[in-house]
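Please find below a short note for a colleague who is meeting this structure for the first time.

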Amino acid sequence: MLEAQVIHQVREVLGRLGSSFTLRVERDRGSRDHARFCEFVEDVASTCPLIHVEYRDGVVFRFSILKDGHDLGIAFRGIPNGHEFTSLLLALLNADGQGRNLPDESLTRRIQAIEADINLKAYVSLTCTNCPDVVQALNVMALLNPHITSEMVDGGLCQEEMARLGIQAVPTVYANGEVLHIGRGDLGTLLEKIEERFASAAPKAAEPTERHYDLTVLGGGPAGAAAAIYAARKGLRVAVVAQRIGGQVNDTTGIENVISVAKTTGSQLAADLAAHLEAYPIDVFTNRRIVGVDFAGGVKHVEVKGGETFLSPHVIIATGAGWRRLGLEGEEQLVGHGVHFCPHCDGPFYKGRRVAVIGGGNSGVEAAIDLARICSHVTLYEFGQAMKADEVLQQKLRSLPNVDIHLQSQTTALSSSDGKLTGIDVRNLATGEVAHEELDGVFVQIGLQPNSSVFKEALELNSRGEIIIDSRNHTSAAGVYAAGDVTTVPFKQIMIAMGEGAKAALSAFEDSLYDSNG
């Protein structure tokens, strides 16, 4: 099933394994995919003499991973091909102690301290680019805590089960039979949700840990990475505190406007940022959520979930922005049940159905174009008098026969039945009339919301929630700087964020020289 070239590449990766692994396969001999699925497992096992295959009869294709005869609690229902192939390889490498996405000591302690028996299932699509991050995070938890099990479920293989559960978005994570999480997620986010859901078995508050640096950079996207690298090149001791390296870049598919790089992807750019950070003596703390700050004194305090506090005389905030919500009643409950933000991940659920895209910028128009290929009809609603997307995208959209475009349109209400979206109310801003449109799904693409709420009491923000900065990235608090999409800088672009991050680092360095000279 695997191509010869892929087998050769996997052999190079898994050939270094030092432990004995067994892929314990449960199979339905009567399934038409039985032979093909088994061939996949055999191909993986052929790449390393320490990987063996053991077969058992079952009702659906599923295999679990054993190390030296011990079940690791990691299983795949279906074939982890496509984007999930990396999840299988990392599960083996991590179990062998050679993985690169194992958490640091603080996160490991939190995971190992959970005492509840938790069965985690991640329902995925093999074409989803966000699903592997979630599957890999759950697999890490299962590897580190024997009370936790993790199973990837291929939604394409288990369509009846997906329909019975009402799953309309991937990834969707269940914990002990109840929905835990829907959509993109990382280890830190998922761990917090597990700790909240199973509070009685969550770890007790850890002893506070203080980490001291010359500069703390909050955020790991283009702005944060540039700031950290520039500061490290100036000889400062730097910590990067972030949810994930790459930030929002990870959610971008094609990138063609980073000068000197004709074309790349979001995941590749994120990997390049991580590699560049690793080239310098920068301490990177990922899967962290900031829960409090104190910028009043000469030493700034940044507290993160889990009991860590980062202390430094200078802080650069580069926390970026996230998808803006509609802010309508019932929206939160309908996310993943008709309301979506990622057309690439959730669009396939609406093949042959009617959907709407809200927002006429580049993201909205690109989403409508992609959805028009698989949906019976797409309606795009734009609040303004004209779409803001690039003209080439607008021309492409207008050429599609199954797309309608409505300008000066405001979504005012969501309707639902049995927990699923059934339609929306839209006001025509020119006439004031409100019309109802029955829909199967809505994809919200109305821009970004600055990730600044945790700083609102400590810094001056504008009406849009952006951190106000001057030409040298100073904020309203001495010793605190900001860069990128979280700030008032115009034009939210990768290139601009990188430049702003570098500028903030140089400002912090110059100010540190002034401070040291009295």
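**Notes on the predicted model**

1. In this predicted model, Ala-227 is part of helix α8, which covers residues 222–233. Ala-227 is buried, because its relative accessibility is 0% and buried means under 20% relative accessible area.

2. Which residues does Ala-227 touch, leaving aside those up to four places away in sequence? They are Val-217, Ile-316, Gly-501, Ala-502 and Ala-505. Ile-317 stands 90 residues from Ala-227 in sequence, while the C-alpha atoms of Ala-227 and Ile-317 are 9.5 Å apart in space.

3. An open sheet is formed by 5 strands, which run in the order β14-β11-β10-β18-β29 with parallel pairing. Its edge strands, each pairing on one side only, are β14 (282–285) and β29 (480–482). On average, and with direction ignored, neighbouring strands of this sheet are turned by 20° against each other.

4. Within that sheet, strand β11 (residues 238–241) pairs with β14 in the parallel sense, over 4 bridges. For Ala-239, the bridge partner in β14 is Asp-283.

5. How many disulfides does the model contain, when the sulfur atoms of a pair must lie within 2.5 Å? The count is 0 disulfides. Cys-48 is in no disulfide, since the nearest cysteine sulfur, that of Cys-38, is 20 Å away, whereas a disulfide requires two cysteine sulfur atoms within 2.5 Å.

6. Two cysteines can also be described by their accessibility: Cys-48 is buried, with a relative accessible area of 2%, and Cys-131 is buried as well, at 0% relative accessibility.

Key
Residues are numbered from 1 along each chain as its sequence is written. This is a predicted model: local features need pLDDT of at least 70, side-chain atom pairs count only at pLDDT 80 or more; totals for chains, interfaces and linings use all residues. Side-chain values use heavy atoms; hydrogens and water are left out. Buried means under 20% relative accessible area, exposed over 50%, partly exposed in between (1.4 Å probe, protein chains only). Two strands pair if DSSP finds at least two bridges between them. Helices (H or I, at least four residues) and strands (E, at least two) are DSSP runs, numbered from the N terminus. Axes are lines fitted to C-alpha atoms, for helices over the stretch in contact, and angles run from 0 to 180 degrees between N-to-C directions. Contact means heavy atoms within 4.5 Å.
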